[in-house]
Amino acid sequence: MAMLEAKNLHVYYGVIQALKGISFEVNQGEVIALIGANGAGKTTTLHTLTGLLPAKQGHIIFEGKDITKVPAHKIVKMGIAHVPEGRRVFSQLSVYENLMMGAFTRKDKGEIAESLANVYKRFPRLEERKTQRAGTLSGGEQQMLAMGRALMSRPRIILMDEPSMGLSPIFVNEIFDIIKEVSESGTTVLLVEQNAKKALAIADRAYVLETGEISLEGRAEELLHNEAVQKAYLGE
Amino acid sequence: MSFLSYMINGISLGSVYAIIALGYTMVYGIAKMLNFAHGDVIMVGGYAALTMLLNANASPLAAVLVSIVVCTVLGITIEAVAYRPLRAAASPLAVLITAIGVSYLLQNVVLLIFGSNPKNFQSVIPVPDLKLAGGALMITGETIVTIISCIVIMTVLTLFINRTRTGQAMQAVSEDKGAAQLMGINVNQTIALTFAIGSGLAAVAGVLLCSSYPSLSPYTGSMPGIKAFVAAVFGGIGSIPGAMIGGILLGVIEILAKAYISSQLADAIVFAVLIVVLLVKPTGLLGKQIQEKV
Ligand SMILES: Nc1ncnc2c1ncn2[C@@H]1O[C@H](COP(=O)(O)OP(=O)(O)OP(=O)(O)O)[C@@H](O)[C@H]1O
Ligand SMILES: [Mg+2]
């Protein structure tokens, strides 16, 4: 059984249909890439999964439970973390306070401290800047903070929306290394990316989204060598 | 000596404005709406305290506590019934008009129950007046309690917002409701809590105001409500220290203008100062720059 399953999702913005019945699944331990051009519906998909947008039709099943109608604020406690597009850290709060917001639904102080230590180990820059306001961090540091904040909920699956967007090549490599590490430490990953080459390089399987529909799916290596994918997304 | 005593009266009146302005500014900061019924909640608080004192023979402290409970429940109810259903769909204008409607509703319901004659409100403050400089400077007990209340409220609220988990959740909701939900924060509950705090403070302000200016009518809340709104904008709407500074400045300007210029023109002067401040600094004294989403 898949860990997370989307079945025939239809999502609208007013009268505009953004998702036209998409289905996909993510298995425990996988890294799944969701690639597609601007406006294809990638962000809409993630927002629907975590309850920020309602699905007009279709179902979302997580670990056997139908979570289609679960309100957004109850999703994280179920084990799903979402690193949103554009990072969306709380700019007025300090780095430390942002990380603690990530642990908002957790109670055990000792375990939270342990998670914090792990996040600081993975992102030493965040520890150096823990008292600094998040709004004063660089783009790459904010991305690390957004990822650290999501990890503070100790998720079983983490959804990431274009984590490499707008970052310098050095930061991009660092972010992809971290995604690999997160996956190796046992967290399932659903990765939305425009940087298809890098995403396919670390993914197990991938789905290609085109104007609200899934046009292709398969093993990441196969898609890397697929002619249509190369033309449209890899610039070859 | 008279200047000093005007200053003290100004700070006292300004403290009441500051306490009311907190309600405006917190609700604006978190729900991004102007709750124009906030001033009338003050008036309801006054009537609640008065009823307890006259009809239930309650002690002043009990009257204040009941007034706080009544206003808190009222604030939560207004938010849940009138504002929440509009939050997702409607335009900000619809919410604003609803708030004005709620304001008239409260005034008219009180009018229906208590009539239009102003009621004489007896000060609930048992603190004696303080005579200084051989009697040349007198500070009333009401003034002392008002200023101390304002300082205590500001301190507690600032600690709450910055040091507690719930307070930080409020800041998170204020900045980004979607991201806050992804953290597991219940946005509706957080907004309801904000209304509860603001309305509870309005009750305190109502009792303090009526103790210093002991006449209560269904329209008692309007003018202080508008002035407190001005104070909140003056200080930078959304900012808690801004509400404090804005409120106190407004009170001082109002009293000094009344004393030295003209009591008829005092309100006009207050608004003129606001206009000048906004021309120079559109976000108010402590207002944050409006952040552009990247
Ligand atoms: N708030 C909105 N209101 C109306 N239409 C929207 C809204 N958000 C997105 N859309 C539309 O829905 C479609 C899918 O948008 P979405 O943001 O999911 O794309 P995306 O694949 O994430 O694109 P990008 O790579 O640019 O982030 C687009 O056509 C977009 O114009
Ligand atoms: Mg997107």
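Author: Happy to! Let us start with a term: a salt bridge is a side-chain nitrogen of Lys or Arg within 4 Å of a carboxyl oxygen of Asp or Glu. Please keep in mind that this is a predicted model, where local features need pLDDT of at least 70, side-chain atom pairs count only at pLDDT 80 or more, and totals for chains, interfaces and linings use all residues. Residues are numbered from 1 along each chain as its sequence is written, chains are lettered from A and ligands numbered from 1 in the order in which they are written, and side-chain values use heavy atoms, with hydrogens and water left out.

Reader: What makes A:E181 and A:R122 a salt bridge?

Author: The closest N and O atoms of A:E181 and A:R122 are 3.5 Å apart, and the cut-off is within 4 Å, so the pair qualifies. A:E181 lies in helix α6 (residues 169–184) of chain A and A:R122 in helix α3 of chain A, so the bridge ties together parts that are 59 residues apart in sequence. A helix here is a DSSP run (H or I, at least four residues), numbered from the N terminus.

Reader: Why is A:E181 called partly exposed?

Author: Buried means under 20% relative accessible area, exposed means over 50%, and partly exposed is in between (1.4 Å probe, protein chains only). A:E181 has 37%, so it is partly exposed. A:R122, at 26%, is partly exposed too.

Reader: How many salt bridges are there over all chains?

Author: The structure holds 14. In one of them, the side chains of B:E79 and B:R87 meet at 2.0 Å, N to O. B:E79 has a relative accessible area of 0% and is buried, whereas B:R87 is partly exposed at 26%.

Reader: Which residues are joined into one network by salt bridges that share partners?

Author: They are A:R125, A:E128, A:R129 and A:E141. Of these, A:R125 is found in helix α4 (residues 124–128) of chain A and is partly exposed at 31%.

Reader: What coordinates the magnesium ion (ligand 2)?

Author: A:T43 (OG1) and A:E85 (OE) do, at 1.9 to 2.2 Å. Donors are N, O and S atoms within 2.8 Å of the metal (3.2 Å for Na, K and Ca), so these two count; water is not among the atoms, so sites may look incomplete. A:T43 sits in helix α1 (residues 42–49) of chain A, and A:E85 in the loop between β6 (80–83) and α2 (95–102) of chain A, 42 residues apart. A:T43 is buried at 18%, while A:E85 is partly exposed at 30%.

Terms used: Helices (H or I, at least four residues) and strands (E, at least two) are DSSP runs, numbered from the N terminus.
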